[in-house]
Amino acid sequence: MRRKLPLIIAFGIGFAMLIQYFIPHPRSEAFYNVIVQQWFIIIFAFMYIFALRSFFMHHITKVKKKKEGYIFSAVAMVSVLFMLLSGLITSRGPFFDSLYNYMIAPLQGTMFSLLAFFIASAAFRAFRARNVQATLLLVTATVVMIGRVPIGDYLWKGMPALVEWVMTIPSMAAMRGIRIGVGLGAVATAMKIILGIERSYMGGE
Amino acid sequence: MGFWQRFLKLDRRWIFLGITVVVIIPLIKPIGLPIKPTKPVIDLFTYIDTLGPESGAVMVVTGFDPSTMPELMPMEQALLRHCLVKGIPVISLGGLYPAYIGMAKMAIDEVTEEFPDKKSGEDYVFLGFIPGVSAVILSIGIDIATTFGNDYYGTPIDSLPMMSSIMNYSDISLVVDVSGTSTPEYWLMYAQERYGVNVGVACTAVSAPAYYAFLQSGQFVGMLGGLKGAAEYEELMTRKGYPTGRRNATIGMDSQSLAHLLIILLIILGNVGYFIVRRGERKQGIIMRKR
Amino acid sequence: MIFLLILSFSISAKDTPDDAGGSITINAYNIPEGTQRILLYRLAGGDTIYEEVGLISIFKGEYDDASVVDGMEYLYRGKAITEDRAYVAEIKEYISSSPEWFNKSRTSVLLLLILFWVVVLIYIQLAKKNPEGLFIRRLPPLEAMDEAVGRATEMGKPVLYVPGIEYITDAGTLASITILEMVGKKVAEYDTRIINPHFDPIVMTIAQETLKTAFSEAGRPDAFNKDDVFYLTSEQFGFAAGVDGIMHREKPGAIFLQGYFYAESLILAETGYSIGAIQIAGTNATTQLPFFVAACDYVLLGEEMFAASAYISREPRLLGSIKGADLVKSALLILIGAGVIFGTIAFIADNAGNPTYMEIFNKILEFLARAAS
Amino acid sequence: MSISTSIWVWIAALLTLMVYSFLYKDNPFYRLAEHIFMGLSLGYTLTILWYNYIIPRVYEPLFLPPHQWSLIFPILLGLMTFGIFSKKYNWLIKYPLAFYVGGYAGLRIPLLLQSWIIRQVEASFLTPDKFTSVYSSINAILIFVGLVTTLIYFYFSKKREHGFGAAANVGIIFIMVAFGAAFGYTVMARISLLIGRMQFLIQEWLGIM
């Protein structure tokens, strides 16, 4: 019985949320709001206790055992408390905003900007005409790159139009096909959860 | 042959150095390469250009944070300048998520500095953030005043002269979502399909391919894609003699052009080297193992 | 004498369809030339004076009166005001609003849902009867899993498994959990270490349970080290920075990037390449597929991830659901194909002056499009 | 040449350089920036969780009048997650997981069907307006062929022989063109991120331009 009950819950709540979509009645709206805005969020919030536990356990063991690089674990833990306390004490006041604008935002922006370097090195390394598929990848990418910058217009007046065509016709058709496929796969997975066929999310046994 | 083999094994840090140099030089000494606007940008520009003080408001929605600011801030400012110079009543919505309000404020403050005669509440209205995402989009369709209550500065909306003739989407002729995320699809689903309001999108270059489908099916009135879209809009504004501020997007375009050329050059040289090395190996009978 | 039928300004009222009640939709027809505003008045049953309700939009000629009470009866009067005079229109019978129990505009979604459900269930039953009959095409990335973990073991290096940065509610993350279970079993057999950093606490908790079961099923429950499945942070680039650091310090021989990724996909894949690891990626994030295809050795494209569990376990019910999804794909292909043929016939007929087919065709399109609102 | 005097700008600039040092090789400066970033972002997430979720959705409705006692049930379900701490009761966590994952599965199915499948199929219908000119007709047919062959490429349960195999090979051509196009199209976005950071360093920090 212990194994069956969670599956019945998954089927019950899953089916209810499924048919709710088709019922505009206020009671169905109310049911949706209660579940999404209360039940889901409370479970989500509880799970963060595990995030904290794993985060601190992971770094505390590193510090306690003086493992290589334990100072950085200490820095990570201090940073969490520093940000959290400054957020709670000043209830997200100007100091908290400065921490975000002048520490998190630049770190975020800089990590993101690493992609400018990595996209260049990936292009240099991966775009080799090994076979037909790789050649197609390489030729299309290069054509689109040339068409995207003003210099492309000098090589050939029709370059931007060609890029438009590549983006709106063949590329859009394939992306649409891939999206339909992914959509079907995602629906099949969701169905398997509700039917209890897909159970690995409950630890697999 | 030795050169090409070493070239194919080029340490990627040389590429990183190349990219850095190519991006920094134009920033210090702009080159000013010409720009040719494309159809999605012209469509959006022309649509706004046909509007006027009487033809319903334009709502500019901020949907980006510091990480996508370089591409999207120039777009939002160009759109705001276009509306203010044409006298089109513009509503700047501070975004559907809390993270965007800072960007919205920066955009409107910098642009309104260039238009000292334009007053908040008469020529433009700045609405702050309220939670609810799709619920917000839906309730704008019913009544803006009851949805937001006050504008960003705390003044009640129904006391703002501009808003007396603007109640909901039926009085808005265009919503432009300047977004680095998938919110434009919400505006299509909840605003355009539910209330029939025209929607334009200004997005990062990476989300533009996905929105071509909506552009092609006519759901979007027009689209600005990436920094090139912003530079094209700035170009169209200059051609019409409208003010364009520092034209950040155009300056960025010089760095973009050089960076793209460098990458294209690397790809071409990479393939030249690949063929030379492979022909050499085939002569000596060594098969290049595919790693 | 040509009788000039002047279509007079009129309005109609109806209970707003497919809604939660409390709303009546008013439509205005033949709006006179030069109308500046159309005022709408409402008379509640039993009252005597009309009260002003709002302005009917001139652009769309429609207004949703959302301030009505279900079951109450109302009369409406519209007044279109032009430069010189006002036109008045009224509705005769009383109208009241009520919530609906079924949203008719979403029938097409319901039909596709029922088709999908029935087909998948049928094939699952069929699969149980003769499991051998079900074929699944080769998926190179899954076959390379063995080679990847083997190579890592040879070099005495750990295996790194990154499950993407979406919540457990995303289909890609769920598929990643099933792939993690398979990789876990391989790692247990080869007695190698697996490092599993996480973005979301729920996915992390599930991964710990999944790997524990995988290790015990492979007969080595003691080899599983719970500390190797840990939480990093819930910020996209903080997570990428952390994983990049792990890559450089732990130097994994094989890296799995399976799940829903955003822009940080290439940061992980390029750093993974720079330390010389075999990389097997898989994502349902269509925008990130180009970067994985360019930077990784093997890639599961979109829905190929969902077929992974069926491919390895060969479990009849999973094979059945894959076959079911394929069949729905064929149904969609036939639908699109029929749509093309019927569309062209309607187009030719329309040109030849017989618009009936074209009307039916537009009705079908409208039926599909309505589901979106 | 007015170098910035704001301590905050200096902190941001130093953090930026520490992350960029990773491009040369992994080093203690990058590692420091990495761990600061992970810590701060977790602290930020927890603050948002506290102010946007726990206070408005749990604490206030429960402890402030009018008390919404019905919140006890989701909280009980949430408490069951603590079962994981004990060996004997670790199966308890299956209930909140089943509720959360099952609920979202049901919620996502119709949305997936609508926006990922029906909307895409509906847009692929060849409406007459697509046949206005020879150019648009060829394009309409190309889109149709691309869509059909891509779907065929993703068929799992059919051997790729003769006709079917040929269609799949055409499909992979469309797919590779789509990937190449998306890759090329995105280069600009990534470069502009670097331009943004360089502008910050050159203009705001060093004040050169």
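Predicted model: local features only at pLDDT ≥ 70, side-chain atom pairs only at ≥ 80, totals over all residues.
Visitor: Where in chain D is D:Ile109 found?

Guide: D:Ile109 belongs to helix H4 (residues 94-124) of chain D.

Visitor: Which residues is D:Ile109 in contact with, leaving aside its neighbours within four places in sequence?

Guide: The contacts are with A:Leu18, A:Val187, A:Ala190 and A:Met191 of chain A, and with C:Leu113 of chain C.

Visitor: Turn to whole chains. How many residues of chain A are in contact with chain D?

Guide: An interface is read by counting the residues on each side. Here 94 residues of chain A meet 90 residues of chain D. On the side of chain A, at least two residues each come from helix H1 (4-20), helix H2 (26-64), H3, helix H4 (94-126), helix H5 (132-148), helix H7 (159-168) and helix H8 (170-195).

Visitor: Which helix of chain A gives the most to that side?

Guide: H8(A) does, with 21 residues. By class, the side of chain A that touches chain D holds 72 nonpolar, 17 polar and five charged residues.

Visitor: How is the packing of two helices described?

Guide: Two numbers are used: the angle between the axes and the distance between the axes. Take helix H3 (residues 70-89) of chain A and helix H2 (residues 28-63) of chain D: their axes come within 7 Å and cross at roughly 30 degrees. H3(A) and H2(D) are therefore roughly parallel to each other, since the angle is under 35 degrees. The crossing of H3(A) past H2(D) is right-handed. The residues of this contact are 18 nonpolar, six polar and one charged.

Visitor: At what angle do helix H5 (residues 134-153) and helix H6 (residues 162-205) of chain D cross?

Guide: Their axes cross at roughly 110 degrees and come within 7 Å. H5(D) and H6(D) are therefore roughly perpendicular to each other, as the angle falls in the range 65 to 115. Their crossing is left-handed. H5(D) contributes D:Gly146, D:Thr149, D:Thr150, D:Ile152 and D:Tyr153, while the residues from H6(D) include D:Phe164, D:Ala167 and D:Gly171. In this contact nine residues are nonpolar, four are polar and none is charged.

Visitor: What domains does the assignment give for chain D?

Guide: For chain D it gives domain 1 (1-67), domain 2 (72-125) and domain 3 (130-209). The C-alpha centres of domain 1 and domain 3 of chain D are 35 Å apart. Seven residues of domain 1 of chain D touch seven residues of domain 3 of chain D. On the domain 1 side these are four nonpolar, three polar and no charged residues.

Visitor: How is chain B divided into domains?

Guide: Chain B has domain 1 (2-30 + 254-282) and domain 2 (39-245). Their C-alpha centres lie 40 Å apart.

Visitor: How many helices and strands does chain B have?

Guide: There are 11 helices and six strands in chain B. Its C-alpha trace spans about 85 × 40 × 30 Å along the principal axes. Of its 291 residues, 51% count as buried.

Visitor: How many residues does chain B bring to its contact with chain A?

Guide: Chain B brings 30 residues, and chain A brings 30 residues. Helix H2 (12-28), helix H9 (208-216) and helix H11 (248-284) of chain B each give two or more to the chain B side. H11(B) gives the most, with 12 residues. That side of chain B has 18 nonpolar, eight polar and four charged residues.

Visitor: Lastly, how many residues of helix H8 (residues 304-313) of chain C are buried?

Guide: Eight of its 10 residues are buried, so to read it by cut-off, each has 20 or more other C-beta atoms within 10 Å. Among them are C:Glu304, C:Phe306 and C:Tyr311. Just after H8(C), C:Arg314 has a positive phi of about 60 degrees.

Definitions and conventions. Residues numbered from 1 in each chain as written. Chains lettered and ligands numbered in written order. Axes fitted to C-alpha atoms, helices over the stretch in contact; angles between N-to-C directions. Helix = DSSP H or I, 4+ residues; strand = E, 2+ residues; numbered from the N terminus. Parallel < 35°, antiparallel > 145°, perpendicular 65-115°, else oblique. Left-handed = near helix turned anticlockwise from the far one by under 90°. Nonpolar A, V, L, I, M, F, W, Y, C, P; charged D, E, K, R; others polar. Domains from an automatic or database assignment. Contact = placed C-beta atoms within 7 Å. Buried ≥ 20, exposed ≤ 12 C-beta atoms within 10 Å, placed from the backbone.
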